[in-house]
Structures are given as C-alpha cells and as structure tokens.
Amino acid sequence: MCQESSPLHLKKLRNVSNSDTQRKKINLGLERICGFLSYIGSPQNSFKSVIIGGTNGKGSVTFYLSNIANKLTRLKTERYTSPHLIKITERFVIDEKEVGEERLKKTLTFIKEQVIEYETNNNLKEKLTEFEILTATAFQIFYEEKVELAFLEVGLGGRLDATNVTNSENTLCSIITNISFDHMDYLGNTISEIAYEKAGIIK
C-alpha cells in the first residue's frame, strides 16, 4: 500500500547516485513508486489484486492462480511476474496471453516520459529503479486494458517491494509461499527478520 514504512530490518540499502546506472540497482522503498503512481493517476487502484510473496515458488503460484482464474471465471485477468526468461513481454500477461511488443513499447515509452517529468519537477535525489518503472508500466497497461483481477508476484522481500502498493480495499488476498534465507543484505540475517519483510504484503 502506498504508505512508506520504516526500514527496521533492512541492513544495507545501497547508496545510489543520480546517474542512469542507479536505475539498475536494488533500492527498496515505497516513497518513489507511490509518488509516481499518484502522479499518473494511481492506475494500481483500478483493479482487484492478489499479491504473492515468499522465498521459493511464488512465481509458480502466481502462474497457477492466474491460469485457474482465467479458466474458471469471467473476469479479465492479469499476471505480472519477474524476472523474464527469454523476453520481457513474459512479465505482462492478460487473459493468459503475453502483451505484444508494440503494446508494451507504447506504454513503456509513455511511462518513461512521465518518469523523467516527475523526477525533474520534484527534483528527486533518487531516481525510480528499473523494476519500479516496469511495475508502473504493468499497472498502466492493466488500467488501460480494463483488467479486473491481477495476480502480482513480489520482486524482492515484500513490505518495501514496488508491487506492494495496492490498497487494502482492492487486495483480495496476500499469499506467502515459504520463507528461508534469501537476499540477507536487504531483508535481514534471521528468519524472523526475513519473515517480517515478507509478511509486509499482508493487508
């Protein structure tokens, strides 16, 4: 949800410069993505969602659930996952069909233009990351395509991940698959600390 949480257990958030290389780095937090989404009209609040986190299996669960929902309901469904294996369109799926390259390029171009405008107008010291830009692109596409139910795979952790911005009213369910040691530089050194970060997707 778009309310910045204090990074209680984040050990080593990387310092980033204002160069383009900063977009490639992991920089957890909700302030940038929430500010930008609000700037473009909060497209993440235009559909119901299920958010899936965990250490392993979250991608498979996201796939299974979106597939089942597509086959057993009349809802227009969406799936947003990361990373992709072969091509970037794998991340953006509507009614079990990848968004076309031209469709993605159109919205990604719009989002990038808006990002530059937003960062410039607000004199931001930290640029949006690549993952935040792709997540905003997904939300914008699903808004434009009038998606009704979205299945969102958490990128890293949960509490401060860019996917964790849908409001409580529109989040139907939060799912955590399993929890083990992963990304300890960002999530903590104990299972309790890591679980705290992943449980942050619970609304």
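Guide: A definition to start: two strands pair if DSSP finds at least two bridges between them. Helices (H or I, at least four residues) and strands (E, at least two) are DSSP runs, numbered from the N terminus. This is a predicted model, in which local features need pLDDT of at least 70, side-chain atom pairs count only at pLDDT 80 or more, and totals for chains, interfaces and linings use all residues. Residues are numbered from 1 along each chain as its sequence is written, and side-chain values use heavy atoms, with hydrogens and water left out.

Visitor: OK. In what sense do β2 and β5 pair?
Guide: Parallel, over 4 bridges. Arginine 79 faces phenylalanine 151 of β5 there.

Visitor: And how many bridges join β2 to β3?
Guide: 3, and those two strands run antiparallel. Valine 93 in β3 is the bridge partner of arginine 79.

Visitor: Are the faces of β2 covered or open?
Guide: Both are covered. Thr77 and Arg79 lie on one side, Glu78 and Tyr80 on the other, and all are buried. Buried means under 20% relative accessible area, exposed over 50%, partly exposed in between (1.4 Å probe, protein chains only).

Visitor: Switching to charges. How many salt bridges are there?
Guide: The structure has 9. The criterion is a side-chain nitrogen of Lys or Arg within 4 Å of a carboxyl oxygen of Asp or Glu.

Visitor: Which side chain does arginine 79 meet in a salt bridge?
Guide: That of glutamate 96, at 2.9 Å, N to O. The pair links distant parts of the chain, 17 residues apart. Arginine 79 sits in strand β2 (residues 77-80), glutamate 96 in the loop between β3 (92-94) and β4 (97-98).

Visitor: Why does arginine 79 count as buried?
Guide: Because its relative accessible area is 10%. Glutamate 96 is at 24%, so it counts as partly exposed.

Visitor: What about arginine 103 and glutamate 144?
Guide: Their side chains form a salt bridge at 2.6 Å, N to O. Arginine 103 is in helix α3 (residues 101-121) and glutamate 144 in helix α4 (residues 130-144), so the contact ties together parts 41 residues apart in sequence. Glutamate 144 is partly exposed, at 32%.

Visitor: Where does glutamate 145 lie?
Guide: In the loop between α4 and β5 (149-153). Glutamate 145 also forms a salt bridge with arginine 103, at 2.9 Å, N to O.

Visitor: Which residues do the shared partners join into one network?
Guide: Lys76, Arg103, Glu144 and Glu145.
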